Amino acid sequence: MRGLTVNEQTDLPEIAAECLGVRVPASPFLHEKRIERINAAQYEGLEMAGALHVVRPDDVVLEIGAGIGLVGAVIAANAKPRAVHSFEANPELIPAIEALYAANGLDNISVRNAVLVSAPDRPETMTFHLHSSYLGSSLIEPEGRKTRAVEVPTESFAEVCAALKPTVLVMDIEGGELDLLRHADLSGFRAMVLEFHPKAYGIGGMRECKTILRASGIERIAEKSVRTVWTCARPD
């Protein structure tokens with residue numbers, strides 16, 4: 001895989017796009033259409049809008065599924081929470097994420113290459129299936145699509161929450177959210193922004209996710225939510 005594009009005159013990464021004041025360095029994960037969507041704040045736009053609606057300066061944000069790092073960086077730069085702790089399973093994305101943070105001088109956000117597991121029988125590693133498009137990469141092996149398997153270290157969701165004490169959860173993990181929610185203690189979270197993936201676990205699985213959220217006392221914020229992306233918070 002090609003690395004990040006660097007301006008040879010300055011040794012700084014070339015900036016390919018900008019979204020809500022966050023500069024995005026050129027990388028193999030950006031193409032013309034994605035750059036257009038980033039510049040128009042349409043790439044992960046619902047998640048960013050939802051997070052900026054609920055995150056406050058005194059919050060600690062736990063982001064599960066950092067992607068290219070843009071959503072977490074927009075939160076860190078604009079909402080200015082105390083900290084954003086991001087976790088990303090795809091090891092190939094980590095250099096691009098860290099370059100994005102560095103290009104914007106963000107010191108309140110960090111990323112770790114790990115899968116968070118809430119189930120009590122957590123394995124030391126889990127198989128992650130890398131697709132040619134990072135958006136198609138997942139813990140769930142897709143049918144009829146060529147992928148490359150890598151082993152990724154795991155961390156305990158409960159132990160991470162105990163150590164970091166997050167108050168807001170932002171999660172987009174391509175279908176892995178159902179298994180995480182089934183075993184997760186959500187009582188410490190004041191607000192959440194989650195994307196559901198019914199293609200991975202069906203309409204029934206998406207309904208189960210929403211039932212778990214409601215049972216935890218979280219309420220959907222209608223004006224910031226759609227069927228597959230929820231922004232939700234506990235009533236004040």
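**Strands, helices and cores in a predicted model**

Q: What makes β11, α6 and β12 a right-handed β-α-β unit?
A: In this predicted model, β11, α6 and β12 make a β-α-β unit that is right-handed, a word used when, with the strands pointing away from the viewer, the path from the first strand over the helix to the second runs clockwise. The names come from DSSP runs, numbered from the N terminus: a helix is a run of H or I with at least four residues, and a strand is a run of E with at least two. Residues are numbered from 1 along each chain as its sequence is written, and side-chain values use heavy atoms, with hydrogens and water left out. As the model is predicted, local features need pLDDT of at least 70 and side-chain atom pairs count only at pLDDT 80 or more, whereas totals for chains, interfaces and linings use all residues.

Q: How do you know that β11 and β12 pair, and in which sense?
A: Two strands pair if DSSP finds at least two bridges between them; β11 and β12 have four, in the parallel sense, so they meet the definition. Within this pairing, V170 stands opposite V193 in β12.

Q: What makes β7 and β13 the edge strands?
A: The open sheet has seven strands in the order β7-β6-β5-β11-β12-β14-β13, with mixed pairing. β7 and β13 (219-220) each pair on one side only, and these are the edge strands. Further inside that order, β5 and β6 (residues 83-87) are joined in the parallel sense by five bridges, with V61 opposite V84 in β6.

Q: Why is V168 called buried?
A: Buried means under 20% relative accessible area, exposed means over 50%, and partly exposed lies in between, using a 1.4 Å probe and protein chains only. V168, at 0% relative accessibility, therefore counts as buried. This residue belongs to strand β11, where V168 and V170 point one way and L169 and M171 the other way, and all are buried. In a regular strand the side chains alternate between the two faces of the sheet.

Q: Which residues does V168 touch, leaving out those up to four places away in sequence?
A: Contact means heavy atoms within 4.5 Å, and V168 touches V55, D59, V60, V61, L62, F189, R190 and A191. With D59, which is 109 residues away along the chain, V168 has a C-alpha separation of 6.8 Å.

Q: What makes a set of residues a nonpolar core, and which members of the largest one touch the most others?
A: The set must consist of buried Ala, Val, Leu, Ile, Met, Phe, Trp, Tyr and Cys residues joined through side-chain atoms within 4.5 Å. The largest such core holds 39 residues, among which I38, V55, I68, L70 and I75 touch the most other members. Elements that give two or more residues to this core include α2 (45-54), α3 (70-79) and β11 (168-171), and α3 gives the most, with seven residues. A second, separate core has 26 residues, including L62, L116, L180 and L213. In soluble globular proteins, nonpolar side chains tend to be buried together.

Q: How do you know that α3 is mostly covered?
A: Eight of the ten residues in α3 are buried, and they are L70, V71, G72, A73, V74, I75, A76 and A79.

Q: How do you know that K80 is exposed, and what is its phi?
A: K80 has a relative accessible area of 54%, so it counts as exposed. This residue lies in the loop between α3 and β6, and its phi is near 55 degrees, a positive value in a residue other than glycine. Most residues other than glycine have a negative phi. E44, also not a glycine, has a positive phi of about 50 degrees and sits in the loop between α1 (32-39) and α2.
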